[in-house]
Structures are given as structure tokens and as C-alpha cells.
Amino acid sequence: MPEENPLVEMEREIVGGDFQRAGDVSSELKNILQQAGFPAPFNRRVVIASYEAEMNVVIHAYRGIFRVQIYSDRVHIEVDDEGPGIPDLELAFQEGYSTAPPHIREMGFGAGYGLSNMKKCSDRLHIDTRVEEGTRVIMDFFLPSFMKG
Amino acid sequence: MSREEIFHSVRLDESKCKGCTHCIRRCPTEAIRVKGGKARINEERCIDCGECIRTCPNYAKYAQSDPLEAIKEFKYTIALPAPAFYAQFKFTLPLSKVLSGLLKIGFHDVFEVARGAEILAEEIKCYLQRRDIVKPVISSACPAVVRLIEVKFPSLLENLLPLDSPLGVVAKIARLEAMKKGYRPREIGIFFITPCPAKVTEVRQSGDDLARVDGAISMSSVYSRLVNELATIEEVIHSQMAGFRGIGWARSGGEQESLGPGEYMAVDGIHHVIAVLEKIEVGELKEVVYCEAQACVGGCIGGVLAVQNPFIAKVNVNHLLQKYNFYAPIEKTHQAEWRKKGVFLRSKPYEAKEVMRLDRDLHRALEKYQTIEKLVEKLPGLDCGACGSPTCRALAEDIVQEKALEVDCPFLLRNRMVDLAVEMYELASKVPQTMIKEEEGKKVGNQNS
Ligand SMILES: Nc1ncnc2c1ncn2[C@@H]1O[C@H](COP(=O)(O)OP(=O)(O)OP(=O)(O)O)[C@@H](O)[C@H]1O
Ligand code: SF4
Ligand SMILES: [Mg+2]
């Protein structure tokens, strides 16, 4: 892919355990996409995946940085966190698998569908993770070609 | 009466508007600005929820509806009272008397929207059984919520129940019945007794065929005509058909009760509805099958055209539910016939309004977005409304869209004036070269004298 400059970049901090502001970053991203005029179904995919990634930092990690780059034909998201990391990625991707403790489940999270949702909603998903160090989630979303121009 | 594409029932009485900023801050779609000392409603963004009517201290906002006299234009008139209408009266009053009263003030027949709700509930149950539905299915009964989704949550259009509202359903059934009696379409006048401006707009956009509703008369005006008549009604002519399932739709929670057991939720009040839609948008609440959402606090009993306090109305509803604790099952053959005739179909498909978009061109839109970000940093962030826009961000958007100026913000204006004053002072102290001597000389001279 030729390296062009993103039209808009955004960088936000995510604080682990902060449920009050959880979701704010994704909702800010949603507003940008909507104001830009990307098609609604595309925005929905991006926002669902972004929210899952954001929530995983809030629930499972200590802190993280959320970076998004918006191009005319794609959206690139990187979520980098300091946290426990994921020891077994394959297991983590299984629907229904979750290590979320009971008090998190009581809040309605921890169903174990986040990662598989991210996979379904994104066009490319890559995860780097180191146990006891942290996790980096990279996602790409491509606009259907007929929407371009 | 003309059928208007963009029509809004919420209107402004300019003579009463003092240009205060109560309404602009309360509007859920940021549709109002104060310009030239008067509120201005953006027609594309307005969802007719009536929040500005509630909040205006000067009664400058009002809901435009039809007068009762409008029924005189028709040979055969049918009243469609909203379920919330029942709750306006003391619960000790028999509903059959209320319905008979409607005949007494000039209508030829009455079809209860509450019965329409019972009929529709059966259809919703069938729809919720389908495997291809996008959960949660969001109720389409409240037109303000439907419009809110079209304007602000276009990605949730696929969640909206693709069936008509109870009003739409019962209006079509009423027209079909009147035609069976031999009346020609033009002779039939169907009038909704409405709790809110949003429904007035729904009526105005009901189209010109089977779905046509000829007018919307406010609950409050019918109420005041009716209360005087009630004492004189002895003979009860109309027997009422809707039971607790339909009457319950008068208030929040009624829809789900009529659907029987299941994973449902109900949210009321437009700002709460927005909070829930935001959750649905990010993928939460997928375990919920049906989401009842109403713009008014408490549901339709909280509509701005109601007379009764919504909490008292709720007491009335609760009593009515006990008193009319019956349900007349709907005949399968009828349901099938209505289905065939399109009674449950919406006359207009849902459509994304895309009014949030900054520019038709994506590059331009994102450029504008960045300019807005920079402006937001420059503005004081007080969201005081003095500029006429609801928030600092909204002003930044207005500036970028060339609908406002930076100096509309009194703080930026003040800064500009300070800068100007400094500059003027500096300029003033720069005396023209040719005058220096004289000036100095004067000063010296003055000092000496
Ligand atoms: N950023 C992360 N840091 C550490 N562990 C993670 C992270 N993201 C996911 N995991 C691990 O992977 C598991 C599965 O993640 P997934 O998002 O699929 O489900 P969940 O977060 O547990 O529940 P849900 O997303 O449905 O609320 C988590 O329970 C957790 O053990
Ligand atoms: S809740 Fe009922 S009264 Fe209020 S806007 Fe919606 S339909 Fe109208
Ligand atoms: Mg998760």
C-alpha cells in the first residue's frame, strides 16, 4: 500500500478500570466518521470493533493508548496497552472464553465475544501480545470500493 | 390540506420569543440557534420531540395541530383517540362514555388506537420470531424516536421495526371499514387525537392513499370540548373494544407487556433514549429482543399536548388496566386480510438523513473537522450559549459552515477588542514625525505655564 498521509489522526489515552469514561473514545471516533460522511454500515463496523478494543483495555489492562488514522478509503486503528498480555491467543479468540472476574460480569461485560467481534467487524486484525507486558491490537477497515470517490 | 414533504409541527411564535437560550441547550439534535434575537429551528434536524416546547419559559414554541372544526369538511368522520387520551380523565369515568362523547361532539365513528396496538402487537410477535432480525429490534411507534434514528443514528435503521405504528394500522383499518360501508375515499375524514407534535407530523406525512390520516387534533382541545359534554351523556352508544393490552401503550412499558414474556426493555425521555441508542450502536444490548423507546418521559402520557400531569395520568392508566382486564382475541382471518391489504406496512421506508455530515466531499468534510477541532481549542469551553449556538463545539461547526462568526462568541469578541485597544493605544502613541516638535514644545510650554 502506498504511504499516503492520513486525513485525520487522533490519539487518546485509555485508563484501565475507568468505567465512567469507558466508551468515550469510540463515541468520539463515531462522531468523526459520521461527520466525515462515511456510510453508516461501515461506521457501525468500525465503532463496534473499536469499542471492543477500548473495553478490553478498560477491563483487562492497566492503561493504553488508542490511535486512529483516517484515510479517504480506510480507517486504521492501533490500541497499545500495558497489561497482563494474553497467554493463549487462540483460546482468547474462542467465543465465550473470558477471564473477566465476576464483578465485571455483573456489569454486563466478559461474555467472551469481544475478540471474535473485532475479527468479524474488521477487514484485517493483528494482535501482538507479551505476557506481563502488554498487548497491541491493530485493525484495518476498508471502504467498499463502490463507495470511493 | 396539502401533504408536505418537510413538515414540522413544532413552531415558533416570534412575537413571544425573547431570544433566551433555554431551548437551544435542551434540543437533542442541536437543531435550534438564536439569530438576530430570535430562535430559529433547523427543519432538517428537528425531530418534533417537543423538548423546546416544554422548556420555553415564554411559551413561544407551540405545536401546530388541526382545529376540531376541520372535521366539518367531510361527510363521514372517524376519531382515532390515542391510548394516552383515556388517561386524561379520572379513572372512575367509564371509557365507553369517553368514546360516546366523541360521537356527541361530531364524529360519526370511533376507532381506538389502543385496539390498533393490540392488533399490531400480534404482528410484532410474528416479526420477532424471524431469524434475520437485527437485535434489539427498536419500536417504531414513537415518530420522534424514528426521526431521531434517521437523523443521528443512521446505522441503527436496520434495527427499526419495519412495521407501521398503531396509529397507522388503525387508520388503515378504519378507512377500509368506512369504504365497506359505501363511502368514497374523499368523503371519509380520519382524525387522530394526538398527544404530541411528532404525531401531527406523522399524520401530515401519511400519504394520500389507504394510509391517509386527514388531520391531527390536539388531545387538549378535544379534552376541553368533551369535559363539558360528559355530564349530559346518558346513553352509551359506543362500546369499547381495547382492553389492558392496548390501553397499556399509553405509557412506557405497555408495548412489551402486550408482547408476552421475552427479553425486552423500555426507555423513555429523549435524552435517555439517546444514551441507550449509543449503547446499541457500539454493539451492546444484543441479548435484548425488543426495545421500546419513547421520546416523552413516561411515554405518551407525557406528550406536550396532554392536559393531565403525566404522573397522575399514570395512576389513571394503572386503574384502567385493572378495570379493563380483558383481551378480545384477534381473528386470524382478519389479521390475514389486513396483512394482504398492507395495513402493517409503512407508507414510507426509513431513510438516513445524513444531516451530521460536514460536507458532501469526504476530503472537505475532514478538513472542516480539523478546523473545528482547532476552533474548539480556541473557544472558552463554557457552553454558555451567548453566541446563539448550543455549545462551543456547535459554534465551531457553525463557523466552519459559514453560518456564524468567531466574534459571535462574546469572549473572543472581548479578546479581539482588547487586542484592538492595545493596537490603538500603540498607534496613538506613534505621533507623526512632522508633529513631534510641536507636540513636545506644547507639552514643555504647558508645563511652564
Ligand atoms: N487487552 C487485553 N489485555 C489482556 N487480556 C486480554 C486483552 N484483551 C483480551 N484479553 C483476554 O482475552 C479474553 C477474551 O477477550 P474477549 O474480548 O473476547 O472477551 P472478554 O473481554 O472477556 O468479554 P467481552 O469482550 O465479551 O466483554 C479476555 O477474557 C482476556 O483474558
Ligand atoms: S412518546 Fe408518544 S407522545 Fe411522546 S413524542 Fe413519542 S409518540 Fe408522541
Ligand atoms: Mg472484551
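How much area do chain A and chain B bury between them, and what percentage of it is on carbon and sulfur atoms? I looked this up before anything else. The two chains bury about 2,100 Å² between them, and carbon and sulfur atoms account for 55% of that. I note here that the model is predicted.

**Entry: the interface**

I took the contacts next. On the chain A side 21 residues are in contact, and they meet 28 residues of chain B. I then went through the charged pairs. Between chain A and chain B the count is 2 salt bridges. One of the pairs I looked up is R44(A) with E158(B), a salt bridge whose closest N and O atoms are 2.6 Å apart. Side chains of opposite charge can pair when their charged atoms come close.

I wanted to know which elements of chain A give two or more residues to the side that touches chain B. They are strand 1 (8-15), helix 1 (24-36) and helix 2 (40-60) of chain A. Helix 1 of chain A supplies the largest share of that side, 6 residues. Sorted by class, the side of chain A that touches chain B has 12 nonpolar, 5 polar and 4 charged residues.

**Entry: a sheet of 3 strands in chain B**

I traced an open sheet in chain B whose 3 strands come in the order 7-11-10, with parallel pairing. Strand 7 (137-138) and strand 10 (264-268) of chain B are the edge strands; each has a single partner strand, so one side of each has no neighbour in the sheet. Strand 10 runs parallel to strand 11 (residues 290-294) of chain B, and 5 bridges join the two.

Helix 12 (residues 270-281) of chain B lies across strand 7, strand 10 and strand 11 of chain B. I have the helix running at about 140 degrees to strand 10 of chain B.

**Entry: a sheet of 4 strands in chain B**

I also traced an open sheet of 4 strands in chain B, in the order 6-5-8-9 and with parallel pairing. Why is one side of strand 6 (109-110) and of strand 9 (215-218) left without a neighbour in the sheet? Both strands stand at the edges with a single partner strand each, so one side of each is left without a neighbour. Strand 5 and strand 6 of chain B pair in the parallel sense over 2 bridges. In that pairing I looked up A79(B), which stands opposite V110(B) in strand 6 of chain B.

**Entry: salt bridges over all chains**

I get 46 salt bridges over all chains. I picked out K75(B) and E187(B), a salt bridge with its closest N and O atoms 3.8 Å apart. K75(B) sits in the loop between strand 4 (61-63) and strand 5 (76-81), and E187(B) in the loop between helix 7 (166-180) and strand 8 (188-194) of chain B, so the pair ties together parts 112 residues apart in sequence.

**Entry: backbone exceptions**

Most residues other than glycine have a negative phi, and most peptide bonds are trans. I noted two departures. The peptide bond from K135(B) to P136(B) is cis, with omega near -5 degrees. I placed P136(B) in the loop between helix 5 (113-129) and strand 7 of chain B. Y59(B) is not a glycine, yet has a positive phi of about 55 degrees. I placed Y59(B) in the loop between helix 2 (51-55) and strand 4 of chain B.

Terms used:
Residues numbered from 1 in each chain as written. Chains lettered and ligands numbered in written order. Predicted model: local features only at pLDDT ≥ 70, side-chain atom pairs only at ≥ 80, totals over all residues. Heavy atoms only, no water. Contact = heavy atoms within 4.5 Å. Buried area = accessible area lost by both parts, 1.4 Å probe. Salt bridge = Lys/Arg side-chain N within 4 Å of Asp/Glu carboxyl O. Nonpolar A, V, L, I, M, F, W, Y, C, P; charged D, E, K, R; others polar. Pairing = 2+ DSSP bridges. Axes fitted to C-alpha atoms, helices over the stretch in contact; angles between N-to-C directions.
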